[in-house]
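Student: I would like to go through this structure with you. Could we begin with the interior and then turn to the ligand?

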Amino acid sequence: MKILLFGKNGQLGWELNRTLMCLGELIALDYPELNFEKPKDVINIINQIKPDLIVNAAAYTNVDKAEEEPDKARLINAETPGEMARWCKKNNAVIIHYSTDYVFDGTKGSPYTEDDQPNPINIYGETKLAGEVAIQQSEAIHLILRTAWVYSMRGNNFVTKVLEWTQKSDVIKVVDDQISNPTWARALAEITADVIAMGIENIRSFFSIKGGLYHCAGSGYCTRYDWARLIVDKFHKERKTKIAPAKTNDFPTAARRPFCSALDCGKFSQVFKICLPRWDKIVI
Ligand SMILES: NC(=O)c1ccc[n+]([C@@H]2O[C@H](COP(=O)([O-])OP(=O)(O)OC[C@H]3O[C@@H](n4cnc5c(N)ncnc54)[C@H](OP(=O)(O)O)[C@@H]3O)[C@@H](O)[C@H]2O)c1
């Protein structure tokens, strides 16, 4: 099986580049050798490679900057993935794509299931939702995994930010009114590989039956404040950094964030019989 991975240098793509290697011939690409702002170039590359499976971990993920660059975010998160999915439909290939808890407005008050109506409150969420819809409308065989609060020791994420703040200050303020599921990039990459392995004998027929849209994030959920406490406990026990609870409104940002966008991942674990570890089992 020929697998084409996009976004190989991102948090998730970095991990996928390692885990997908075991499953077939893997070709992994990223910006700037390939630019999702140029969909025709992307399709030309796909045409040369002719993969059986595309795994798309590339995305415009800067939530605040997306407010200033909506067209760019839409091209990268929705239009190019849509073109890729249409290529898959024409060429009988499968596409795996990732989306976000930020497709929801965060007002439900309990974890969102796949049946809940998305209502994004920022441009990033809008463009990611448009990407999901473009893939679904292409009628390509697909697996879309909505995930949340992705972290690793690489890149710019909440874990690396908290560790950076603790270097600079003995007291850090963290919001206690945003709730979701911290998701370790490596575990998400591994579970993606596990699911592909389940269908490896006939990837097309497997995902025609089991594909679709799923929530797939760290089990359980917490506030950013709880998460920061866990990070400090794990990595900086000796420093005794104090964490003070704060509110989202204390930190004005360009993009609004949903308050409670936690995902219910029950459907994924029911169908595939596996789930991601609990958010508080940080093992990095
Ligand atoms: N991070 C989160 O908390 C989070 C939460 C929910 C869902 N997700 C979703 O999970 C997936 C993986 O996220 P991640 O955290 O691994 O993202 P990431 O670390 O930001 O990686 C995204 C990758 O896409 C690349 N990229 C950006 N612009 C591109 C372009 N024009 N053409 C081609 N590639 C481009 C980036 O390259 P450069 O670094 O060079 O720009 C980077 O390698 C995404 O679909 C994201 O929407 C993430």
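Student: Which residues have the most contacts inside the largest nonpolar core?

Tutor: This is a predicted model. Its largest nonpolar core has 81 residues, and those with the most contacts inside it are Phe6, Leu20, Val55, Phe207 and Trp227.

Student: Which element gives the most to this core?

Tutor: That is α6, with seven residues.

Student: What is tryptophan 227 in contact with, leaving aside its neighbours within four places in sequence?

Tutor: Tryptophan 227 is in contact with Trp149, Tyr151, Phe158, Val159, Pro182, Cys222, Trp279 and Ile282.

Student: Now leucine 29. Where does it lie, and is it buried or exposed?

Tutor: Leucine 29 lies in strand β2. It has a relative accessible area of 13%, which is under the 20% cut-off, so it is buried.

Student: Let us move to α1. Why is it described as largely enclosed by the rest of the structure?

Tutor: Because seven of its nine residues are buried. These are Gln11, Leu12, Gly13, Glu15, Leu16, Asn17 and Thr19.

Student: Which elements do the buried residues of α1 pack against?

Tutor: They pack against β1, β2, β3, β4, β6 and α6.

Student: On to the ligand. Which residues come nearest?

Tutor: Of the 23 residues around the ligand, Asp30, Phe36, Thr61, Tyr124 and Lys128 come nearest. An N or O atom in the side chain of threonine 61 is 2.6 Å from an oxygen atom of the ligand.

Student: What about the backbone of phenylalanine 36 and of glycine 10?

Tutor: For phenylalanine 36, a backbone N or O atom lies 2.8 Å from a nitrogen atom of the ligand. For glycine 10, a backbone N or O atom lies 3.2 Å from an oxygen atom of the ligand.

Student: How much of the ligand's accessible area does the protein cover?

Tutor: The protein covers 80% of the 900 Å² that the ligand has on its own.

Student: Which elements give two or more residues to the shell around the ligand?

Tutor: They are α1, β4 and α4. β4 gives the most, with three residues.

Student: And how do the residues of the shell divide?

Tutor: There are 13 nonpolar, eight polar and two charged residues in the shell around the ligand.

Key. Residues numbered from 1 in each chain as written. Predicted model: local features only at pLDDT ≥ 70, side-chain atom pairs only at ≥ 80, totals over all residues. Heavy atoms only, no water. Near = heavy atom within 4 Å. Polar contact = N/O pair within 3.5 Å; in protein donor to acceptor, adjacent residues only side chain to side chain. Areas by Shrake-Rupley, 256 points an atom, 1.4 Å probe, with all protein chains shown as cover. Helix = DSSP H or I, 4+ residues; strand = E, 2+ residues; numbered from the N terminus. Nonpolar A, V, L, I, M, F, W, Y, C, P; charged D, E, K, R; others polar. Buried < 20%, exposed > 50% of the residue type's maximum accessible area, 1.4 Å probe, protein only. Contact = heavy atoms within 4.5 Å. Core = buried A, V, L, I, M, F, W, Y, C linked by side-chain atoms within 4.5 Å.
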